[in-house]
Amino acid sequence: MATIKAGKRYDQAISEVYGFADLNAFESAFKSAVGATQQASPTVRPTTAATPTPRAQASATATRTSAAAASPGAGDDDSIGRGTIVIGGIAVLFLLAAVFALLISLMMANNRKSSAGNSPGSPPPESR
């Protein structure tokens, strides 16, 4: 891992650290060490290298950049996740419901007090 972090490609690091000629040799040694069956390697055919035009290269770069920015966990940004926003919203709704319930109970208690003072069976207030 230190070799890869130093800037070497994966296949170069395998060759430098473990002494394998290429990734196929590493894979074969690994499979024989764990007892996996060897499969025939696919035939590799040379291909012609595509020469990207500057326009195609610019769009490929823009696509990679936007995809990396849109993927969750693709960097160490300090943004708030969707789950945090949902939990916060639910907490606010519960808080509003509690305040509403408190206001309703205070209103009902106030109505009971005022109706108890004006009941028909109670004596009228004394006048002097």
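Modeller: A residue is called buried under 20% relative accessible area, exposed over 50% and partly exposed in between, with a 1.4 Å probe and protein chains only. This is a predicted model, in which local features need pLDDT of at least 70 and side-chain atom pairs count only at pLDDT 80 or more, whereas totals for chains, interfaces and linings use all residues. Residues are numbered from 1 along each chain as its sequence is written, and side-chain values use heavy atoms, with hydrogens and water left out.

I begin with Thr-3, which lies in helix α1, residues 2-5; helices here are DSSP runs of H or I with at least four residues, strands are runs of E with at least two, and both are numbered from the N terminus. Thr-3 has a relative accessibility of 15% and therefore counts as buried. Contact means heavy atoms within 4.5 Å, and, once neighbours within four places in sequence are set aside, Thr-3 is in contact with Lys-8, Ala-13, Glu-16 and Val-17.

Two of these partners also meet each other, since the side chains of Lys-8 and Glu-16 form a salt bridge with an N to O distance of 3.0 Å; the term requires a side-chain nitrogen of Lys or Arg within 4 Å of a carboxyl oxygen of Asp or Glu. The search of the whole structure finds three salt bridges. Another joins the side chains of Arg-9 and Asp-11 at 2.9 Å, N to O, and Asp-11 is partly exposed at 29% relative accessibility. A further one links Glu-27 with Lys-31, whose closest N and O atoms are 3.1 Å apart. Glu-27 and Lys-31 stand four residues apart in helix α3, residues 23-34, so about one helical turn separates them, and Glu-27 is partly exposed at 38%.

Aromatic rings come next. Rings of Phe, Tyr and Trp (its six-membered ring) pair if their centres lie within 6.5 Å, and planes under 30 degrees apart count as stacked, those over 60 as edge-to-face and the rest as tilted. By this rule there is one aromatic pair. Its rings belong to Phe-20 and Phe-26, with centres 5.5 Å apart and planes at 75 degrees, so the pair is edge-to-face. Both residues count as partly exposed, Phe-20 because its relative accessibility is 23% and Phe-26 because its relative accessible area is 25%.

As for the whole chain, its secondary structure comes to five helices and zero strands, and 3% of its 128 residues count as buried. The accessible surface, taken by the Shrake-Rupley method with only the protein chains shown counting as cover for residues, comes to about 11600 Å², and 62% of this belongs to carbon and sulfur atoms.

Confidence should be read alongside these values. The predictor's confidence in each residue, pLDDT, runs from 0 to 100; its mean over the chain is 77, with 62% of the residues reaching 70 or more. Helix α4, residues 54-70, has the lowest confidence, at a mean of 54, and α5 the highest, at 93. Helix α5 spans residues 82-117 and includes Leu-103, which counts as exposed because its relative accessibility is 51%.

How values were computed
Areas by Shrake-Rupley, 256 points an atom, 1.4 Å probe, with all protein chains shown as cover.
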